[in-house]
Amino acid sequence: MKNLNELLQMVIPKGWLFSTLPMGISDHASEVDTLYWFLIITCLILFLLVVIPLIIISIKYRRKTPLQRAISQIDHNFWMESLWTFLPFIYLTILFVWGFQQFLPIYIAPTGAKELRVVGQKWQWSVDYVDEEINVAGVGATIAVPVGQPIKLVMSSQDVIHSFYIPNLRLKQDVVPGKYTTMSFRADREGEYPILCAEYCGDLHSQMLAKLKVLPAEGYASWVNEMKSADQEMPLLELGTKLSEKLGCLACHSTDGTAKLAPSFKGIYGKKEEFSGGGSAIINDDYIRQHILEPQKTTAKGYPPIMPSFQGRVTERGISALIAFIKSLAE
Amino acid sequence: MAKNEEALFPLADHFATPYQQVESSKLGMWLFLATEILLFGGLFTAYSVYAYAHPGVFKEAHRYLDVTLGMTNTIVLLFSSLTVVLAIHAAQKDKIKWVVFNLGLTIVCAAAFLVVKYFEYAHKFHAGLLPGRYFTNATISNPDQAHIFFGIYFLMTGLHGIHVVIGIGLLTWILLRAIKGDFGSQYYLPIEISGLYWHLVDVIWIFLFPLLYLIR
Amino acid sequence: MTIYENKPSYLNEQKGLTSWLFTLDHKRIGIMYLASIFFFFIVGGIFALLLRTELLTPGKTFLEAKSYNQFFTLHGTIMVFLVIIPGIPASLGNFVLPLQLGAKDVAFPRLNLMSYYIYVFGSLLAVFSIFLGAIDTGWTFYAPYSLQTQEKVVMMVTAAFILGFSSIFTGINFISTIHKLRAPGMNWFKMPLFVWGIYATSIIQVMATPVLGITLALIVVERLIKIGIFDPTLGGDPILFQHFFWFYSHPAVYIMILPGMAIISELITTFSQKKIFGYRLIAFSSIAIAIISFLVWGHHMFVSGQSALIGMIFSALTFLVAIPSGIKVFNWVATLYKGSISFATPMLYALSFLFLFTIGGLTGVFLAVLSVDVHLHDTYFVVAHFHYVMVGGTFMAFLGGVYYWWPKMFGKMYDERIGQLGAWLVFLGFNLTFFVQFYLGSQGMPRRYYNYLQQFQTLHVISTMGAYLLGLGFLVVLINWIHALFYGKVAPANPFHATTLEWTHASSPPIAHNFVRQPIVTEEPYCYGDEPHHIHGLAHKGA
């Protein structure tokens, strides 16, 4: 499959001029690129159809003496006005039909599509592979897919609206809390491609990155195995360290004592913490477990009440691992 | 135009004729009413979206509204629209005493509307049938969703109530001017303009009432 | 003050601060709006320069992430609600409309003054909220983020709500004025196209702004008492917010561009001394744009999670709204044909408009195409598109209009060479800033990004350099105007040989009541060819 973009880049030496689009890695991307280039060329023509007559007329009919009158007061021409009413109408109709023909397949998953469930949260992505029963999450997480395999994404958000954007696929879809949105694709080129959040979601919106890694079939299988074994055999402390990253705790809790959007984990185990609205508690195993599952019950004094619940997102073993991790940072 | 007619109509400086002033003022008020319809339109849209999404909740929740009180308010408002028209009619006939009487009656009706509203709201507060996080009623089924209905109920009737209050202020001002002798058969434009506003307040209630109280 | 002329005019017939603060004169109110709007333009512009400076490096340059997010929000909020939406209608519209109609004032002068004070109050509240806790939601206030963030959302949203009333009242005033206060003999098709544009704008202001009002009120209520309308955790629907918000905000962008187009019609005819080509088509296009603008809001939401079918309907309607704009551009170019074209400063801005608005409009076509929009939505391509239409379009027209009506407003001329210098600096700076952003967006750079991938840095640096050049250009314009206020040469009544009533029947500047005698209209608005065109002054008595 020859990508139109690459073709142009081969022909015209000035690569940068035509590097308006990142490399397309699917048929859908190539089709969108074709339409995009059609738009560039036709809009350029339309632009010149306005600007060139404008420049010629301005120069040819420029005023040479202060009280010079216009040569003619012609103020209508039925054919010309009809022309530039109906020709644009036809052009735009073509664009409309072409555009929606490319648009619909995004939302129709082909048979045999592998389902991935994506959850956005401030400020990272988490992806669950339904068949393989693995999960990848965290800032910069690698989301692997087999090359040539249709993928269906079923997506939602933990908190605010985010948007899952893969420029190389020419695809994006908002993820909305309280509902599921879907998007399908098939990546046909191996490699690593950025995934960006494209709906403003707060402080670290621009750091909510992930990586789409398109692997050959065997490469994908070994990646899955790697992900599977990692969690089960891992000792609690190592698991806790990993989870604190994957689940996004470290976006708000630091490990070195600096206060970010939540109290630092360093030295917090065993400490007595004051809550906004009165009351306090010792930060022990019970407190940590309760706070992970029902964080809105208490908020540390001086911090915003923004911690989301991890109910259903972490196993009992995971909670124990996190406790071990936080304990390890006690002074 | 006869001299004394001109003297009675306070022609503003930038208008050429009283006719122009009357026509402009009426057009201005109609345009303002259009904006009010769009303002409430947003809330009616929200109502439709949620009624469609939660039909069961809406059906059940609206039974907690007192239809008798709502109907009373409807009749009161309709009557007050009539009295406003009668006030204009009286002005056209130079019957200033009737102008004052009818305007006064309109204001009394508006106040009565608010009193009934007070009782309705008091009952809701008492029963915990409140919007959002203040909802505490335990007897209603699906309490975690019923607050949506009451949220919309309070928003719509609340915004309408604010407009009733503004209407009372407006009509009181017009009443005072009528008592002062500002109006007559040559000039009753402000009564007409206020009347138009008051009719809108009435019309909005005519749509609110069935949607909130009567839908089965 | 040396600002005032010696002959009696609206500027000096009444003197003193209170005569301005309590004025009912549409001309004075227009001038006060003009000064306020440009003041807030500078404030919004400073935020823009801070943003662009931060974007010189991929990581932190000198701002924290939260500050950056606040600054882009404030830049957008101030520019949209305090500058561009009131922009042309409140300032030039107020000043010129009654004059062009042959009227003494607008229909409701006291409402006009109240509109101004509402604007001032809302604007001050907005600025005040910045000091208490500047919002960081983006000017679009999307839920649920706007419901959760800790900053002073309620205050800023209330300020926008208040500003909405100013917009509505101005619209009501203008519609009533145009319907009822036209000079005898001026039927609808004898009105200048500036009036048609203001009329179409006013229709949108009156119909759309209340919906914004209710949307903002719902945000406030949601934040304060958690009513559960947009918040999904309370059973609400965040996408409903987007529908409500864009139902206003899309027509709002036509509130921004229609007055700009209205000015361009005036500039093109005057500076080519030619009848407008296709008068009726341009007039009807303005109304068509106003009506269709209410039907396309969903094109901001193609990837929001709304159904694909709805996306298709909105895409089709969006293409429809492009057609009247295209008609206007071609008609303007055709007007110039065989004209007598002057390159005075106002005309430089009109030509700038034609160039830049065409790019802006055509890139809008890209975004109307569903599949392409999926890639370009929420990227710098969109940022470039709307700056091309709002700044390259509306703001260029605004500057051109101020330059054009300057002698009428102040009775003085500005330095023409500095005017031309400013126009060129602005044109070049603008293109340098924003053209590269089309590339950035196509390459996948999302908007509202504090940090960015390393590969985008070169284009960002170019864009920032352009922003400084643009800022310099605006500074030159400002200096030009301030200098003209004090040292400008006395202007004749009709320096550009225009044919509309404000030029032919009113002095420069006009007297307080605009006309010595009620003008009576017998001719079409752009009657250039009918006879050798004199400089019409007070000597010309209407028939």
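The legends below describe several close-up views of a predicted model. Residues are numbered from 1 along each chain as its sequence is written, and chains are lettered from A in the order in which they are written. Because the model is predicted, local features are given only where pLDDT is at least 70 and side-chain atom pairs count only at pLDDT 80 or more, whereas totals for chains, interfaces and linings use all residues.

View 1. Strand E6 (residues 162-166) of chain A pairs with E7(A) in the antiparallel sense over five bridges; strands are DSSP runs of at least two residues, helices are DSSP runs (H or I) of at least four, both numbered from the N terminus, and two strands pair if DSSP finds at least two bridges between them. Four residues lie between E6(A) and E7(A) in this hairpin, and Arg170(A) in the turn has a positive phi of about 60°. His162(A) has Val175(A) as its bridge partner in E7(A). Strand E7 (residues 171-175) is mostly covered, with five of its five residues buried; a residue is buried if 20 or more other C-beta atoms, placed from the backbone, lie within 10 Å of its own, exposed if 12 or fewer do, and partly exposed in between. Leu171(A), Gln173(A) and Val175(A) point one way from E7(A), while Lys172(A) and Asp174(A) point the other way.

**View 2. Helix H6 of chain A.** In helix H6 (residues 236-246) of chain A, the buried residues are Leu239(A), Gly240(A), Leu243(A), Ser244(A) and Lys246(A). Seen down the axis of H6(A), these buried residues fall within an arc of 165°, so they line one face of the helix; the arc is that of the directions from the helix axis to the C-beta atoms. Gly248(A), which follows H6(A), has a positive phi near 90°.

**View 3. Domains 1 and 2 of chain A.** The domain assignment, whose bounds come from an automatic or database source, gives chain A domain 1 (4-61 + 76-105), domain 2 (114-230) and domain 3 (234-328). The C-alpha centres of domain 1 and domain 2 of chain A lie 32 Å apart. Nine residues of domain 1 are in contact with eleven residues of domain 2, where contact requires C-beta atoms, placed from the backbone, within 7 Å. On the side of domain 1 of chain A that touches domain 2, the residues divide into five nonpolar, three polar and one charged; Ala, Val, Leu, Ile, Met, Phe, Trp, Tyr, Cys and Pro count as nonpolar, Asp, Glu, Lys and Arg as charged, and the others, Gly among them, as polar.

**View 4. The side of chain B that touches chain C.** Here 25 residues of chain B are in contact with 29 residues of chain C. Helix H2 (18-53) and helix H6 (143-180) of chain B each supply at least two residues of this side of chain B, and H2(B) gives the most, with 15 residues. The residues of this side divide into 13 nonpolar, ten polar and two charged.

**View 5. Val157 in helix H7 of chain C.** Val157(C) is found in helix H7 (residues 153-180) of chain C and is buried, with 24 other C-beta atoms within 10 Å. Leaving aside its neighbours within four places in sequence, Val157(C) is in contact with Phe141(C), Leu216(C), Ile219(C) and Val220(C). Chain C as a whole has 17 helices and zero strands, and buried residues make up 68% of its 543 residues.

Conventions
Two residues are in contact if their C-beta atoms, placed from the backbone, lie within 7 Å.
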